[in-house]
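Subject: Structure handover and notes

Hello,

Here is the structure we talked about. Please open it next to these notes and check them as you read.

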Amino acid sequence: MTRPPHRSESAPGRASRGRSHARAAGTEQGIAKTSARTIAATAGVGQGLIFYHFGSVGELLAAACRFGAERRVAVCRDRLAELGSLAELLEFGRRMHAEERAAGQVAVLGQLLAAGQTSPVLAAATAAGLALWIEELETVLARLLAATPLAGFTDPAGLARAAAASFVGIELYEGVDPQGAGRALDALEQLAGLAQALEGLGPLSQRAVRHGLRRGGRG
C-alpha cells in the first residue's frame, strides 16, 4: 500500500525523493528489473507521481543517474583538492573503487552502460555523470602535472578521459578477474611512481627531460 505524500512537501521535494528512490531501486533490483511499480513501492507513492514528474521510467532513471553523480562529486571535491601527487590521486581512486563496489554502484554502472547501448536517454545521462568526474579529474591532473617535467607535454583533458575510462574498465573487469584488475591498478601505480620520480629531479635534470621530450615530439 502506498502512502500519499505529505501535504507540505513541494513538487521539487517529491521529484528529489523520486530520484533518490529510483537510484535505490536500481541498486537493489538492477536497472532491467526497475519499473514504475518497484520505484513507487520503494518511495511509498503512487505510480502516477512518477509519470507526472518525469514522464517515463527511463527519464526518472536518467535523472537519478545525474543526481547521484552530482552528489558524489560534490562530496569528493574537497578530497580531490587536497591531493598533492599522482600517487595520492591513484590511492584516492583505489578507495573510491572499494567504496563504490561496496555500495553496489559498480554493478549499477555496468548496467547503465549496457542499457545505454539501446536507450539514448540513459546513454546521455550516464555520459553526463561520467563527465562530472572527468571535469574534476582534469582540474586535479592539470595542477599535479604542472609540478613535473611533463607539464606542457601532456593533455590533462585527454588524460582525464583516459583515466576515467581506465577505472570504469577496471571496475567492470574486476567482476570476472579480480586478480587481473588488481595488477592493472598496480601498473597504474608504477606509472604514478615514475611521474613522482621525475618531479623529484633537480632543475638541470628536469631541463634535460624536457629537452628529450621536445626532441621526441619533433621526431
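Thr154 sits in the loop between H7 and H8. Helices here are DSSP runs of H or I with at least four residues, strands are runs of E with at least two, and both are numbered from the N terminus. Thr154 is partly exposed, as its relative accessible area is 29%. The cut-offs are under 20% relative accessible area for buried, over 50% for exposed, and partly exposed in between, with a 1.4 Å probe and protein chains only. Leaving aside neighbours within four places in sequence, Thr154 is in contact with Leu145 and Leu159. Contact means heavy atoms within 4.5 Å. The C-alpha atoms of Thr154 and Leu141 are separated by 9.8 Å, and the two residues are 13 residues apart along the chain.

A word on the basis. This is a predicted model, in which local features need pLDDT of at least 70 and side-chain atom pairs count only at pLDDT 80 or more, while totals for chains, interfaces and linings use all residues. Residues are numbered from 1 along each chain as its sequence is written, and side-chain values use heavy atoms, with hydrogens and water left out.

Now the whole chain. It has 10 helices and 0 strands. Of its 219 residues, 34% are buried. Take the contacts with a separation of 6 or more: residues 24 or more positions apart account for 64% of them.

Next, helix H7. It covers residues 120-145. The buried residues of H7 include Leu122, Ala125, Gly129, Trp133, Ile134 and Glu136. Leu137, Leu141, Leu144 and Leu145 are also among them. What covers the buried residues of H7 includes helix H4 (57-81), helix H5 (86-102), helix H6 (105-115) and helix H8 (156-173).

Thr126 is in H7 and counts as buried, because its relative accessibility is 6%. Which residues does Thr126 touch, not counting those up to four places away in sequence? They are Cys65, Leu109, Leu112 and Leu113. A polar atom of the Thr126 side chain lies 2.8 Å from the backbone oxygen of Leu122.

Val140 is also in H7. At 4% relative accessibility, Val140 counts as buried. Val140 touches Leu80 and Leu89, not counting residues up to four places away in sequence. Val140 and Ala81 are 59 residues apart in sequence, yet their C-alpha atoms are 7.0 Å apart in space.

Then the helix pairs. Two packed helices are described by the angle between their axes and the distance between the axes. Axes are lines fitted to C-alpha atoms, for helices over the stretch in contact, and angles run from 0 to 180 degrees between N-to-C directions. Angles under 35 degrees count as roughly parallel, over 145 as roughly antiparallel, 65 to 115 as roughly perpendicular and the rest as oblique.

- H3 (residues 47-54) and H4 pack at about 70°, with axes 9 Å apart. The two are therefore roughly perpendicular. Ile50, Phe51 and Phe54 in H3 meet Val57, Glu59, Leu60 and Ala63 in H4. The residues of this contact divide into 6 nonpolar, no polar and 1 charged.
- H6 and H8 pack at about 110°, with axes 10 Å apart. That makes H6 roughly perpendicular to H8. Val106, Leu109, Gly110 and Leu113 in H6 meet Val168, Glu171 and Leu172 in H8. Here the residues divide into 5 nonpolar, 1 polar and 1 charged.

In these counts Ala, Val, Leu, Ile, Met, Phe, Trp, Tyr, Cys and Pro are nonpolar, Asp, Glu, Lys and Arg are charged, and the others, Gly among them, are polar.

Last, two residues in other helices. Glu100 is in helix H5. Glu100 counts as buried, at 17% relative accessibility. Not counting residues up to four places away in sequence, Glu100 touches Arg72, Gln105, Val106 and Glu171. Leu191 is in helix H9 (residues 178-199). Leu191 is exposed, with a relative accessible area of 54%. The C-alpha atoms of Leu191 and Leu90 are separated by 10.0 Å, and these residues are 101 residues apart along the chain.

Best wishes

Key
Polar contact = N/O pair within 3.5 Å; in protein donor to acceptor, adjacent residues only side chain to side chain.
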